[in-house]
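Here's a quick briefing on a handful of residues and their contacts. Take a look at the model first, then we'll go through it.

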Amino acid sequence: QVQLVESGGGVVQTGGSLKLSCAASGNFFSIDAMGWYRQAPGKQRELVATIISGGSTNYAEDVKGRYTLSRENAKNTVYLQMNSLKPEDTAVYYCNANGRRRAWSSRTDWWGQGTQVTVSS
């Protein structure tokens, strides 16, 4: 079983900043990628940013230049620094980890419970 513990959501005004954290723990062989997705009311869940163990990152177009994703591999923890927040960034943000339970297992996705980010205008 893998647990993803998220923290850092909240309410902020337009132009403000928030930092989300997500720590993975439990019984697994490897975590190869971690990142964040978000889901706004009435919309599908969408990719925000991901990072692989080698450090390469991938961002959604509308957060490039505003969000920064970083990772501490030794702690299986990722941090999402969100700056210049806009009302359209309001959503539930979900931490995601992709890895293997055992060396011979296929890759699987694990998800956090989600943390609310609200940007007021």
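Is glutamate 61 buried or exposed? Glutamate 61 is exposed because its relative accessible area is 62%, with buried meaning under 20% relative accessible area, exposed over 50% and partly exposed in between (1.4 Å probe, protein chains only).

Bear in mind that this is a predicted model, where local features need pLDDT of at least 70, side-chain atom pairs count only at pLDDT 80 or more, and totals for chains, interfaces and linings use all residues. Residues are numbered from 1 along each chain as its sequence is written, and side-chain values use heavy atoms, with hydrogens and water left out.

**Salt bridges**

- Side chains of opposite charge can pair when their charged atoms come close.
- The structure has 7 salt bridges, each being a side-chain nitrogen of Lys or Arg within 4 Å of a carboxyl oxygen of Asp or Glu.
- Glutamate 61 pairs up with lysine 64, and their closest N and O atoms sit 2.7 Å apart. Lysine 64 is partly exposed, as its relative accessible area is 45%.
- Glutamate 46 bridges to arginine 38, with 2.8 Å between the closest N and O atoms. Here glutamate 46 is partly exposed at 36%, whereas arginine 38 is buried at 4% relative accessibility.
- That pair also belongs to a salt-bridge network that links Arg38, Glu46, Asp62, Arg66 and Asp89.
- Glutamate 72 forms a salt bridge with lysine 75, where the closest N and O atoms are 3.8 Å apart. Glutamate 72 is partly exposed with a relative accessible area of 31%, while lysine 75 counts as exposed at 52%.

**Strand E4: aspartate 32 and glutamine 39**

- Aspartate 32 is in strand E4, residues 30–39; strands (E, at least two residues) are DSSP runs, numbered from the N terminus.
- Aspartate 32 counts as buried because its relative accessible area is 17%.
- The aspartate 32 side chain makes a polar contact with the side chain of arginine 107 at 3.4 Å. A polar contact is a pair of N or O atoms within 3.5 Å; within protein, one must be able to donate a hydrogen and the other to accept it, and residues adjacent in sequence count only if both atoms are side-chain atoms.
- Leaving out residues up to four places away in sequence, aspartate 32 touches Ile51, Ile52, Ser53, Arg71, Asn98, Gly99, Arg100 and Arg107, where contact means heavy atoms within 4.5 Å.
- Glutamine 39 is in strand E4 too, and glutamine 39 is partly exposed at 28% relative accessibility.
- A polar atom of the glutamine 39 side chain lies 3.1 Å from the backbone oxygen of lysine 43.
- Which residues does glutamine 39 touch, not counting those up to four places away in sequence? They are Gln44, Arg45, Ala91, Val92 and Tyr94.
- Glutamine 39 and glycine 112 are 73 residues apart along the chain, and their C-alpha atoms are separated by 13 Å.

**Positive phi in loops**

- Asparagine 76 isn't a glycine, yet has a positive phi of about 50°. You'll find asparagine 76 in the loop between strand E7 (67–72) and strand E8 (77–82).
- Asparagine 76 counts as buried, since its relative accessibility is 16%.
- Serine 84, also not a glycine, has a positive phi of about 50°. Serine 84 sits in the loop between E8 and strand E9 (91–100).
- At 42% relative accessibility, serine 84 is partly exposed.

Terms used
Helix = DSSP H or I, 4+ residues; strand = E, 2+ residues; numbered from the N terminus.
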